[in-house]
Each structure stands twice: as structure tokens, then as C-alpha cells.
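Student: I'd like to learn how to read charged side chains in a model like this one. Can we go through it together?

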Amino acid sequence: MKRKWLLAGAAGSVAAGAFYAAGMMQEEEDNLSASEKLAETESKSIGFYVGSDLTENGHTLLGGFGHEPSSHWIDIVPAQEHPPGSTMEVGVTGDANLPGELIEIPQAEETYKYISSTYSEYAGFPPPLTNGGLNEKGVAGRDIWSPSRDELVDMTPDPQQGPQYSDLSRIAMERAESAAEAVEIIGGLIDEYGYTTYGGNSHMFADEEEGWVFINYAGGEGLWAAERLGSDEIRVSYPGYIHDFPADFEENDDFMGSPNIVEFAEEQGWWDPEEGDYLNLQDVYGQPFPGEGVEEEDDHYTAQRIPPDLEEEVASMEEVSLEDMLALVRDPRWSNDYSGYGQAVEIRSDVPAELQTLWVATTGAVTTPFVPIPIAAEEVPPEFLQHRYLTKDADSEFLDPDYQHVEATRSAVREFKRLMYFTCERPEDFLHEVTGEIEAFEQGMLEERASLEEEAAALLDSGQEAEAAELITENVQVRLTESLELGMELTDRVEQETRENGGIRLPEGEDIEGSTVPAASQPMTGGMVTCYDPELDEYPREHGIYSDTEDSDVKGH
């Protein structure tokens with residue numbers, strides 16, 4: 001698709017982030033308040049919602065990813081039946097930054113099939129973890145950080161109890177038949193069992209008609225609020241937020257909340273009913289957007305974390321397409337080594353439920369192709385399942401023989417991370433060409449969708465569900481394998497060009513008084529690999545603009 005875009009300029013440099021654990025002595029840690037402990041640890045994530053009235057094909061779009069320094073893999077979780085009285089474990093352990101204890105809550109007797117990106121690490125949160133995905137009812141979910149005000153973080157009980165963000169994301173995928181029902185389900189669970197927080201969080205849910213943004217606050221008071229996103233709205237959560245929230249929300253179908261969401265703000269003196277009929281929940285319960293007051297030339301990575309500004313960018317794109325969403329999630333302003341994966345979904349009202357499709361990049365989409373995985377798919381290649389690379393505690397135990405054959409395959413995440421690290425070392429030489437090859441591959445998959453879905457729909461119409469699932473699964477297996485082959489080929493080509501033109505840069509490390517440890521053997525954590533270079537592009541950009549070159553081979557300029 002070719003059209004003229006209204007482009008928003010981007011400039012500035014990226015300041016490398018650092019995780020809290022780097023270099024802090026234990027006694028210093030013990031003296032910090034709960035909110036101070038969290039100040040440097042909050043993982044970042046991003047979500048994009050575009051209502052169906054604003055999209056090219058008239059379908060809701062949802063996309064985004066989470067930031068987690070751990071292993072990632074693709075899960076296709078089948079529908080299941082559980083005996084009456086079954087329970088599930090929720091919450092966090094005492095190892096979390098805000099300690100908790102695990103409890104049991106009832107499991108649904110029937111759960112729906114869903115597709116998700118799964119990962120293994122967040123301190124004290126039992127793996128495996130998820131941020132949402134897409135279920136068989138056409139409900140999509142994203143999970144996005146949303147820091148609560150310091151007073152709420154500091155009043156969080158020790159230990160705390162209740163489902164945490166991943167529990168709620170998984171439950172929504174397992175049980176919800178609409179975006180609104182997702183809100184009702186997880187809100188009801190918080191009302192009944194409480195909420196375990198890492199400092200504040202949010203969710204985005206979407207279906208073919210609308211979206212909802214859901215904020216769950218720290219503090220142990222079970223505070224939550226939700227706002228409906230209509231078919232004519234755009235929302236970027238970076239972090240998640242709600243501004244104007246009616247004090248009489250129970251009388252307004254566009255809002256939901258915990259029974260105490262208004263009363264508690266008044267009790268704390270954070271909101272005065274004399275000020276009007278609405279609470280600005282971001283002001284009352286949240287923290288200022290991280291980018292407020294930050295100049296792009298000083299710290300671009302932080303400066304662009306103002307969601308309303310990004311919403312204006314998305315609105316400027318006009319008639320947003322699925323391809324646009326893929327490019328938006330891939331945008332190197334936020335897709336980097338922190339990005340655990342990429343997801344995008346176009347929730348369609350004109351296809352069978354089995355053909356609702358989640359496009360998944362198995363790790364950071366900046367250098368990883370998206371591959372479409374319809375609900376009908378039954379499995380992915382072993383290369384895209386869990387591997388030891390970056391998996392929590394993998395360095396402390398030997399491999400369980402039950403996993404040895406999968407582990408013998410290449411880790412797709414590891415292979416695409418290699419491509420990211422080579423590309424981001426010299427983005428001025430490689431990023432456009434790598435992006436072009438990846439998006440040309442995606443364009444091919446986009447072009448085959450109509451004929452593939454027509455064949456699958458015919459099988460479904462004739463009652464041949466198993467044959468349709470086999471057709472879709474084979475396509476997913478082939479395309480994921482081809483994506484990995486492409487990534488490995490690109491890595492080989494970029495590596496060869498790198499070695500021929502400058503070689504491999506070795507780490508400088510730090511001079512440690514009294515130590516003889518070489519730089520290559522020092523700790524490798526504490527920064528951020530990014531391909532963002534303000535001189536390379538203006539963003540947002542159109543999908544595929546680097547794919548139409550006469551010579552698409554990766555090479556230096």
C-alpha cells in the first residue's frame with residue numbers, strides 16, 4: 001500500500017537504561033522505601049489500540065509488546081475442561097520487590113484456546129508469565145506498565161495477596177468472550193481476592209467492536225478503573241493511563257471501577273468533589289508521564305513516553321492498516337533489546353473464529369519478522385518453543401532430559417538476538433537493508449492470506465475442522481521455519497560484512513582496582529542495545545519502504 005504520510009519528526013539520542021540491581025549494595029537497598037526500590041526496576045512495555053472506524057479495512061487493531069530480560073517463546077494453549085472445584089495458584093513470592101504470598105483461587109471449569117508470547121522472569125513472579133495475546137473468541141489483550149503514586153506503593157501490604165498482572169492476563173484470555181467481559185472478570189477477581197502489584201499496572205483489551213483500558217493500582221486497597229475505547233478512538237499506553245473518570249461511573253456504560261475508586265481518593269485528600277464531577281485518575285492515583293519535561297536531545301528514550309503525543313502520531317497516519325501496525329510495533333524508538341517479542345492483531349468480524357490471527361515476532365520486532373498464527377493452528381516448530389537461552393535459573397541446574405531434544409534445536413530467540421546485536425552495532429549500515437528483507441517476507445505472507453483463508457473457510461464450512469486445522473498448522477510451521485532461515489541468512493551476511501569492514505568490536509569493560517579480570521569476563525548487564533538513530537528515519541514510517549530495492553542484499557553503504 002502506497003500513500004502520502006503525515007510524518008512526525010524524531011530526533012535526539014537514546015540514553016541507555018540501567019536496572020536497579022547493578023552496583024547497589026545490600027545495605028543501601030534495605031534503606032530504600034518501596035517506591036524508591038521500584039524507581040529503577042519497572043520494566044517498560046507499550047500498547048497501541050486503533051478503533052475500527054479509523055482503520056483501512058474497518059477492523060479493530062491492537063499491537064505491542066512487553067519488556068522482560070528473560071527467555072521468550074510462543075505458546076498455543078488449547079481449550080481445556082477442569083473438574084468442579086479445581087483451583088489455580090496466583091500471586092507472587094517473598095522474592096518480589098513488593099513481597100507477597102501465593103494463594104489458590106477457583107479455576108473455570110472450561111477455558112478457551114489462546115495464543116500468547118510466554119516468558120520466564122520477573123522477580124518473585126512464578127514463571128511462566130504472559131502479557132495477553134488472542135483467544136478463540138476474538139478477544140485480544142496487552143499488558144502495560146502503569147506506575148502508581150509513591151504513597152500507594154509504600155502502603156502496599158507485606159506480604160500482599162491476590163492475582164498479579166500475568167495471572168489476570170492469562171485468566172482474561174481463558175475466560176473472556178468480549179473486551180468488556182475481560183474487564184468484568186479481572187475486576188471481579190480483584191474485588192474478591194485482592195491484587196498483587198509490582199507498583200502499578202494496566203491492561204488493554206479489544207474485540208471487533210471496541211477496546212477497554214484497565215488500570216490496577218498499588219496499595220493493597222483493590223483499586224482499579226477501566227475506560228471504554230470506542231471504534232473512533234486511538235489509545236497508546238506507554239504507560240497505561242486514564243484521565244477523566246466520572247465520579248458517578250456506575251451510571252456510565254463507558255466506565256467501570258472498584259467500589260472504592262472514588263471514595264478512597266476523597267478519603268486520602270487526593271480529590272475534592274467540589275472540584276467537579278470527574279477525577280483525573282492519572283493525577284490522582286498515577287505518576288506523571290516519564291517524558292514530561294524531558295528534552296529529546298537529552299534523552300530521546302524517555303522523552304517520547306508521553307502517550308497523548310504518540311496518539312497524535314498514530315492519528316496522522318490515517319486509515320491505519322495491519323501493515324502500519326506491524327511497522328509501529330517494530331519502530332526502533334521503542335523496539336530494542338528490552339522488547340521481549342512483538343504482537344499485532346486485526347480483529348475481523350468477517351472471518352470464522354478459527355481464522356482470527358495473531359501476528360507474532362518471537363523477540364524484538366526491530367530485527368524479527370512477524371508471522372501470522374491463526375487460532376486454528378495447533379503447534380509451532382520446536383525452535384520457537386522454550387529454550388535455555390535467558391531462561392530463569394537455567395544457569396543453576398543441568399538440563400532435564402525431557403527437554404533435551406527441543407534444546408538440541410536452534411533457539412529462534414537467540415538467532416534473532418544475534419541479528420539484532422549485529423544490526424544495532426552499525427544501524428547506519430544495516431538497519432534499512434535488514435528491515436527491507438524482513439518486510440518483503442511479511443508482504444509475501446500478507447499476499448497469501450486471502451487464498452489460504454478461502455481454502456480453510458471452505459473446509460470449515462463443510463465440517464472438516466481437523467483438515468482446516470492441519471492446513472493452517474502446516475502453513476504456520478512452514479512460515480515460522482522460513483522466518484528463522486531468513487534471520488540466520490541475514491545474520492551471516494551482516495556478520496561477514498562486519499568482519500570485512502572493521503571487525504568485531506570487543507568490550508572495554510571497567511578498570512577495577514586490584515582486579516585482573518579482563519573486560520570480556522566482566523558482568524554483561526546494565527544497559528540497552530538499540531538500533532535507533534535519529535539520522536536514519538522520520539517516524540512513523542510506512543511498512544515495506546525498504547523492500548523495493550534493486551539489490552536487497554545486506555551490505556554496507
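Student: Is arginine 149 buried or exposed?

Tutor: This is a predicted model, so keep that in mind as we go. Buried means under 20% relative accessible area. Arginine 149 comes in at 16%, so it counts as buried.

Student: Which residue does arginine 149 form a salt bridge with?

Tutor: Side chains of opposite charge can pair when their charged atoms come close. Here the partner is glutamate 151, with the closest N and O atoms 3.0 Å apart. Glutamate 151 is partly exposed, at 37% relative accessibility.

Student: How many salt bridges turn up in the whole structure?

Tutor: A search finds 24. One of them links arginine 235 to glutamate 227, at 3.1 Å from N to O. Arginine 235 is buried at 6%, and glutamate 227 is buried as well, at 12%.

Student: What separates glutamate 482 and arginine 479 along helix α14?

Tutor: About one helical turn, because they sit 3 residues apart in that helix, which covers residues 465-500. Arginine 479 is buried at 18%, while glutamate 482 is partly exposed at 29%. Salt bridges with shared partners also tie Arg410, Glu415, Arg418, Glu495 and Arg499 into one network.

Student: And where does a patch of negative charge gather?

Tutor: On the surface, from Glu221, Glu263, Glu266, Glu267, Asp272, Glu274 and Glu275. Take glutamate 267: its place is in helix α6, residues 261-267. Exposed means over 50%, so glutamate 267 qualifies with its 53% relative accessible area.

Terms used: Residues numbered from 1 in each chain as written. Predicted model: local features only at pLDDT ≥ 70, side-chain atom pairs only at ≥ 80, totals over all residues. Heavy atoms only, no water. Patch = residues over 30% accessible without salt bridge, like charges linked within 9 Å, V, L, I, M, F, W, Y side chains within 5 Å. Areas by Shrake-Rupley, 256 points an atom, 1.4 Å probe, with all protein chains shown as cover. Salt bridge = Lys/Arg side-chain N within 4 Å of Asp/Glu carboxyl O. Lys, Arg positive; Asp, Glu negative; His and termini not counted. Charge placed at Lys NZ, Arg CZ, Asp CG, Glu CD. Helix = DSSP H or I, 4+ residues; strand = E, 2+ residues; numbered from the N terminus. Buried < 20%, exposed > 50% of the residue type's maximum accessible area, 1.4 Å probe, protein only.
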